[in-house]
Amino acid sequence: MDLIVLVKYVADVDNIPEDAWDTERGTLRRNRLQMVANPLDDRALQLGLAIRDKVAAEARGTTGRLIVLSMGPPQAEEICRRAIAHGADGAVLLSDGAFSGADTIATARTIAGAVRKMVAQGMVQDPLVLAGMQSPDGDTAQVPVQVAALLQFPLIPYVAEWRMEGHVLSFETLQPRGRSELTLQSPPALATVTKYIRDLPFFTSLVRMGVAADAILTKWNRDDLGLQEANVGLAGSYTRVVQIFSPEKRGRAAYRLDFGGEQDPLEALPVVLGALRDFLHTGGESDANTAEDSGATSSGSSSYYKGECAVLCERETSFETGPVSAGSRELLGAARGLAESLGTTTTAIIPGVVLSEELEELARSGAECVVSIQAEFTNAFLPEEQANAVTALVRERNPQILLVPATLTGRVVAPLVAAELGAGLTADCTGLQVADFVGRVGGKETVYGKVLHQTRPALGGNVMATIVSLRGRDNRSPQMATARSGVFTPVMCQDAVATLETFVYQKPSCDDVDTGDENAIDRSRGRVVPSQRDVNAGPVLIQSQPEKTNLDECDVIVSVGLGIGSRENVERLARPLVRALEKAWGVTVGLGCSRAAMEAGYLPYAAQVGQTGRTVKPRVYIALGISGAVQHRVGMENAGRILSINSDDEAPLLSHSDYVIRASCQDAVPVLIKLLDEGA
Amino acid sequence: MSNLKHVRSPGYGGDSPLPPSTDDPEKIRSYLSDESSAMSGSAERVFYPQHAGHISTVLRAAAREEKKVTVSAAGTSITGARVPLAGGWILSIERLRRIDLEENAEDITPSPPAGFVLVRYRDTSFFLNPETRQAIAPVGITLSEFKEALAPYNLVYPPDPTEMTAMLGGTIATNASGARSFHYEPTRRWVRGLRVVLPTGELVNIRRNECRARNGMFSIETDAGTTAVSLPRGYPVFRSKNAAGLFLADGMDLVDLFIGNEGLLGVVTTVHVDLVEVPRDVLTCVAFFRSIDDGLAFVDVLRHGDVDGVSKPLSLEYFDRRALAFIREAFPEIPPDAAGAVLFEFEYSRVVQHNPYPAGTVLAPWIALLEAHRAISTWNVTGRDISRVREFRHALPEAVNTYVRARVGKLGTDMAVPARHFRAMVEAYDEADTCGVKTVFFGHIGDCHLHLNFLPENRDELALARKKYLELARLAVRLGGTISAEHGVGKKTIEDEEGNTIPYLEVMLGADGLRAIHAFKKSLDPRFILNPGNMVPEGYC
């Protein structure tokens, strides 16, 4: 077994220089960005080196090789050599002007082509391909999954831990409820790596540096890979970027109240509390997100796509049982809006038997048709099985839109399905709209009527991009998008009914499956099976649920930043405020936090709101000492009303809040609690 | 104070008015101490001059009003140099930020000298000649602003005393150095010329190589005429890196008189400096050694630079085993058996554009040298990976400061000795904790300049540490070194063996040396208006 580690040359989104934004044009100056190796790819490399060395230590005949593989501009040579300095045995750099503008599927196709060539040339044998689960620039997590799909390599998603017993490699992987363990019975396979894997050391030896400096890299272009021009780069992409714009939204000045300065800000607290309580109890809807919610812009032209709007729903307790997740219901709401503007119907696809109360709930949430997928699924997180079933169903129903929750599962299943179907896929959308798109294909203008405009943050929330999916491989592929929970609004259709259909999925015998992709290779011999070991019983179970209340379900969220001062203050101020709000207002109140507060250990990751945490949409969001960088705001800016309590006048969140109390949390929160206890 | 508004300065600047000022105690308060917080002074008024004319007016007014004047830059000193112990006025250089204002004040056309262009950065401006790599800048610009403004030209001003919020003026007054001074030398080497307002209010434009001391005399051309000053006889000349006392030697350049004088002799308003190209690619290495001797022997080789293929490092720093233990938690990669670590950086050129590493042939002599000195392991980084090593460098001072904040503060040395006596000094540092106080030491080993920090637990230990401190200072002087290589002495005092409080500089120069400085200052500042108390306390002579 040899190892291939995929490394990507990406913008350092944590260190975007001030002058990178062209504020006049609203564009990002890409040449101002610092470029680095994707940090999660560093962890993949560290894992690969550890596996290679462990295999070597087991002294099983020949030592495995570790080759890094990167697609990027010529400058990406730097990160290839860096990987060699850290211990890689060689590097392949895929660089060609024809590769530029590639979306995830065109990128995956190029990388898959290179892996095939590396195998064909004997550079690697039976490779275990490793890659960071996602990169911070696009944050889609799609490329490694689609590479596995195109190569027909078994996928081991979200590796958090590994062990080798005898000659057997096992991987602990994250899944929606804890962890599971997958055993690699035989390579090839592809594994994606999470931040729980140890990072590369920050230094190397001088000897390795010299080796890296003097190494001869393998550089391949499109011709070397034998790929058609139409299959790579922009030409080979199923999606097109319509526009890129700044994420700065309109302020909330219409009803903004700012208390500080001359006047004692604490005196304003009763007024603010009263306004928030009235807003909650009059059912005021969030009115800050109209710009990006689902809907349509008027269009006289006929629809380019045909078919229903479908949502792949998830359940709360297990894959096949339990209530429909809140995120799925939100997507049904979005799909219903889109379907109405397209003059079509909304379908909920859901694994497992649908109980009558579940059918009713799906109908109330906007579904007109419910399709239950019934199959003999392995009781483990093997996403290929689910993806195969969904692919078969989509082939039969031909929806024009397929929405998938951007959960751990959905972010793997959706790219697998998209790769199988040859469909365009946009991850983590924050806005979905139907509008015409005028494309220029071969210099000729083509009008694509009523296509799905998918808006998503990119570059760590520093830019927003609007994307459309054009015809994929076979003219019947749906437009696919994923969205995180909390982004869209669920609908409530009283007394609605939905029809129920059942789709029975027969697992094909191995040889029946073929992608139909012109680049597909012979079915690989790789095999990954669920381990017998019960990982969740062990001490390593990770906390994947918020401590008490699910933030998605909360009417009110109290969220803390570093400004709260200390972990003790979270217990002394924030938690009592949560209890006081629940008692006084009779609503569900959750406790969230900023990334900085999470990293300071104030609250667990599950409570983190923002780009790298949860997207929440409570009716009222109370920010205690949160400065509110854009990465935090994308996670909460669709809240109905935002109250910021902060003594830092420079905090960006203040200008995005409805109510601002310029005071320290230590001063303001006890007053708030007292007012609530007195019945405010 | 009201009559001050009508003061007009004769001579230079014609009738330059007084600069903006304030007597608001709140505003004044921020000028009364420095980063050491060891002492605090008082003042009646703060002046904010914007050009040399303003300074001249203030100094002449001070002479008439019999006020003392203490000059203040960014306040990053840790010696009390800017603390106004004598009261009176404060002259803050923070608004000396625009070279075009400076020129206008003198009724010179604001156009830059031939070959120079006017560079504006934020609210600052300076003249730059990118071809000859020279800049003429006002002293209120901070080092970080200067660095950012020069970055687009791929140029840098080499003195880098770590504290980048320091102003250019402060670094001139202390002859600042820092980690890279091993390669670049301290500030002095980089100064081509200065504009100085003397304590009398006269203005001098000095260019290097135009005025030297002859027969123990300087003849200084000012805008008001010629002033002659004699250098004291028998005043010592220092050959190691030094920031303690005045630099006085026959044959010396007049420019050097105004660098590192802690503000005793004049107020510098603009500096004409040399710049260098930003080092393109730098390799940073932290090498761990099993014994101090191995580390010192390795450093000796680099200091002499007599190994083929081994270029002179940009910096050469040391961390002793106690220092490593202090940050081991944050850096578990530190080998457990390391007695010390040497950090060095060197510049290299790329073979090919996108190849970030030096070729194997460039690295081979370094690898051989490290092996010959039995290095346990090395950390090597280039490019953007350097940030973690930067964290390593900053972790120690931060850990030390956190540690002492919860106790009774730290006591840090700043001594340096000639290379041939360095081993004796290191032995003394290594044994310093036998006095019963925890210590760590680290610093600029390339310049034989380590900082030993005492970390006392309580007042009793602090007293022990002070005693040891004096012993070490005496040793440094005996070995022909200095009691302060980069911080300066400012208004620092120390208790001698008999328990008398004496000026710190007296340990090195003796009472005679201090009297010589006092007498020399008098020749330029007959009324002792400017920065009284630095080096020589008021009333000492």
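So, Pro383(A), Glu384(A), Gln386(A), Ala387(A), Val390(A), Thr391(A), Val394(A) and Arg395(A) in α10(A) meet Val412(A), Val413(A), Leu416(A), Val417(A), Glu420(A) and Leu421(A) in α11(A), where contact means heavy atoms within 4.5 Å. By class, that contact has 9 nonpolar, 2 polar and 3 charged residues; Ala, Val, Leu, Ile, Met, Phe, Trp, Tyr, Cys and Pro count as nonpolar, Asp, Glu, Lys and Arg as charged, and the others, Gly among them, as polar.

Quick housekeeping: this is a predicted model, with local features needing pLDDT of at least 70 and side-chain atom pairs counting only at pLDDT 80 or more, while totals for chains, interfaces and linings use all residues. Residues are numbered from 1 along each chain as its sequence is written, chains are lettered from A and ligands numbered from 1 in written order, and side-chain values use heavy atoms, leaving out hydrogens and water.

Back to the helices. α10(A), residues 383-397, and α11(A), residues 410-421, pack at about 50°, axes 9 Å apart.

Now β1(A), residues 3-6. Leu3(A) and Val5(A) point one way, Ile4(A) and Leu6(A) the other, and all are buried, meaning under 20% relative accessible area with a 1.4 Å probe, protein chains only.

And what does β1(A) pair with? One partner is β8(A), residues 128-132, parallel over 4 bridges, with Leu6(A) opposite Ala131(A). Another is β6(A), residues 66-71, also parallel over 4 bridges, and there Leu3(A) stands opposite Leu66(A). Pairing needs at least two DSSP bridges.

Notes:
Axes are lines fitted to C-alpha atoms, for helices over the stretch in contact, and angles run from 0 to 180 degrees between N-to-C directions. Helices (H or I, at least four residues) and strands (E, at least two) are DSSP runs, numbered from the N terminus. Buried means under 20% relative accessible area, exposed over 50%, partly exposed in between (1.4 Å probe, protein chains only).
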